[in-house]
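Thanks for coming. I would like to walk through one model today, so please have the sequence and the 3D view open.

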Amino acid sequence: MNGSEIFGAWVAVFLTLGIFSYLYKDNPFYKIAEHVFVGVSAGYWMSMFFWTQIQPNLFGRLWPTPDGAISGFFMKTWYGIYNIFGFVLPSVFPEGGIDKGHGHDPHFIYILPFVLGIMMLLSVSSKLSWMARLGIAYTVGMAAGLRAYAFLNSNVLGQIKGTAVSFVDMPFFSLTGVSVFNNLIILVGTITGLLYFYFSKEHSGAFGKVTRVGIYFLMISFGASFGFAVMGRISLLIGRFTDLISYGTSTYNYASLWVLLLMIGLLAVWTIKGDKKVTG
Amino acid sequence: MEKFLDLIVRAGGLDRRYIFLVIALVVMLPLFFPLGLPIRPTIASQTVYDVVEELNAGDKALVSFEYGPSTKPEIHPMAVGLLRHLFEKDVKVYVTCLWPDGQFMAMEALEQVAEDQYGKEYGEDYVLLGFRPGNEAVIKGLVSNLRKVFTVDANGNFLDDIPMMDGINQVADFDYLFSASAGYPGTVEWVQYAADPVGITMSTGTTSIQVNEVMPYVQSGQIKGILGGMPGAAEYESLIGQAGIGTSGMDAQSVAHIVIVAFIIFGNISFFVERRRSKKY
């Protein structure tokens, strides 16, 4: 086990216990862990997106490593712009172009997303913020178009097909498998659940009774969601505890134990001091 | 009787920090002292196992990692279990990541299973294509032309130089698709943009919270089986006969659930007793 891994374990233990310490009450350990998490997350995501998308897939397509010498006025000018960028940021724009396997010819169509991206950044300027709308409009329009068919196909047609259940050639009752009883539940649950969201008619009388059944199905669904949510949170807690236990061994110089004792001690001191201030 | 009801009402106002302490203890103790509670696979987990079992040696499986450290305890055990099953059957594994952190999870799982456990060769038996940002646009790109989305793998090798990439140009070239997903983009997007339009057999492993959202796709047959959270992972481990992290966490999971259910029942009793008293006076 090398030093950096042991140090990493100590940091992980501190941050985990720092977050857990909020269950006792708000305190400086929690604040440190919270701020580190937000800062590191923002930095990590920005760095990750830049180096996996903007640098290789945008700049890498606009200025790929050329196959041989650059010739012609236009191409010389184009790579001249690149060289200016390279002078300012050599790590992003290495000498000779970016080689990410996109071929050797520039894809000029990528000027469009480059310009739209710059426009979106202009939202910080009060005078030019209107330009950001063009970039946002393109993104929204593209996403809507991309998703419309997929939703219709998978969520509407696929799900309607899934609820068009059969009542023949199957056992009447089965606890978990396909059966007439289970298919009846799907049929009744789907229809009454949908009717509950029909607001053009008052939910009273016979219609009200049907929609009430729909509410029961919805409540059961919410209950199942709650149960799964609890299960998920407990799984995550088990994961953290498993790590804390492994970091509490001699391999990691008993990191969990020392950090836990330090935190309990300091929290106790702060609590006593705080109580004295209040009573004083 | 009144004294007993008094006790229940007073206990209902217990400081929540005692409840946290009890939950911490019931989760931690089984990790130190395992109970060995039985694990019975559900039909959904059994279906995933059966679908993988039907694959032949040399078949191609696309496994997508869409989770990070925050959901690792739930998804990682099932990803490891699935990889073990695939490599056991000599299926060729292609790994993509729709989440940036997914790449690190994939590297860890492949190192543990492909390299250390099965001694598989990179480029011949498995390949890590890596992460590409773009969410569902990436899936759409993989469906139309994988080579446009990935020109190099996660290690910077050109795809043309990787032997097992021969003849792999789109999602339709794979025999099986598995999405290890903790949210968006993930399972739902793979169904919408790959499994349904292409018709490829797809299974999934999700966090517990997602199960309710994804289950309709399983019921309708759009997805063949689902591994739900840590219990799903434990069930899969029991099916392949290789106990792992999922199995070791199930005792704690079960005991914690019993205690939480007991707390809920107790809280409700306390609430109703208090309400009856307030009506009375």
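I will start with how to read the model, then go through chain B, and end with chain A.

This is a predicted model, in which local features need pLDDT of at least 70, side-chain atom pairs count only at pLDDT 80 or more, and totals for chains, interfaces and linings use all residues. Residues are numbered from 1 along each chain as its sequence is written, and chains are lettered from A and ligands numbered from 1 in the order in which they are written.

Chain B, then. Its secondary structure comes to 10 helices and 6 strands. Helices (H or I, at least four residues) and strands (E, at least two) are DSSP runs, numbered from the N terminus. The C-alpha atoms of chain B fill a box of roughly 80 × 35 × 30 Å along the principal axes. Of its 281 residues, 45% count as buried. Buried here has a cut-off: 20 or more other C-beta atoms lie within 10 Å of the residue's own; 12 or fewer is exposed, in between is partly exposed, and C-beta atoms are placed from the backbone.

Two residues are in contact if their C-beta atoms, placed from the backbone, lie within 7 Å. Take the contacts in chain B between residues at least 6 apart in sequence: 73% of them join residues at least 24 apart.

Now the sheet. In what order do the strands of the open sheet run? The order is β3-β2-β1-β4-β5-β6 of chain B, 6 strands with parallel pairing. Strands pair if DSSP finds at least two bridges between them. At the edges are β3 (126–131) and β6 (226–228) of chain B, each of which pairs on one side only. From one strand to the next, the twist averages 15°.

Look at β4 of chain B. Is this strand enclosed or open? β4(B) is largely enclosed by the rest of the structure, because 6 of its 6 residues are buried. Both of its faces are covered: B:Tyr176, B:Phe178 and B:Ala180 lie on one side, and B:Leu177, B:Ser179 and B:Ser181 on the other. In a regular strand the side chains alternate between the two faces of the sheet.

The partners of β4(B) come next. It runs parallel to β1(B), joined by 6 bridges, and B:Ser179 is the bridge partner of B:Ser64. With β5(B), β4(B) pairs in the parallel sense over 5 bridges. There, B:Phe178 stands opposite B:Ser203, and B:Ser181 opposite B:Thr206.

Helix α9 (residues 229–240) lies across β5 and β6 of chain B and runs at about 120° to β6(B). For such angles, axes are lines fitted to C-alpha atoms, for helices over the stretch in contact, and angles run from 0 to 180 degrees between N-to-C directions. Helix α7 (residues 187–198) of chain B is mostly covered, with 10 of its 12 residues buried. Among them are B:Trp190 and B:Tyr193, and also B:Glu189 and B:Asp196. The cover over the buried residues of α7(B) includes α5 of chain A, along with β1, α6, β4, β5 and α8 of chain B. After α7(B) comes B:Gly199, with a positive phi near 85°.

Next, the cores. A nonpolar core is a set of buried Ala, Val, Leu, Ile, Met, Phe, Trp, Tyr and Cys residues joined through C-beta atoms within 7 Å. The largest has 88 residues, and those that touch the most other members include B:Phe65, B:Val93 and B:Leu177. Another core lies apart from it, with 6 residues, among them A:Phe59 and A:Trp63.

For contrast, find B:Asn157, in the loop between α6 (136–149) and β4 (176–181) of chain B. B:Asn157 counts as partly exposed because it has 16 C-beta neighbours inside 10 Å.

Last, chain A. Its domains are domain 1 (108–164) and domain 2 (165–247), with bounds from an automatic or database domain assignment. Their centres, taken over C-alpha atoms, are 33 Å apart. Where chain A meets chain B, 37 residues of chain A are in contact with 38 residues of chain B. The largest share of chain A's side, 17 residues, comes from α7(A).
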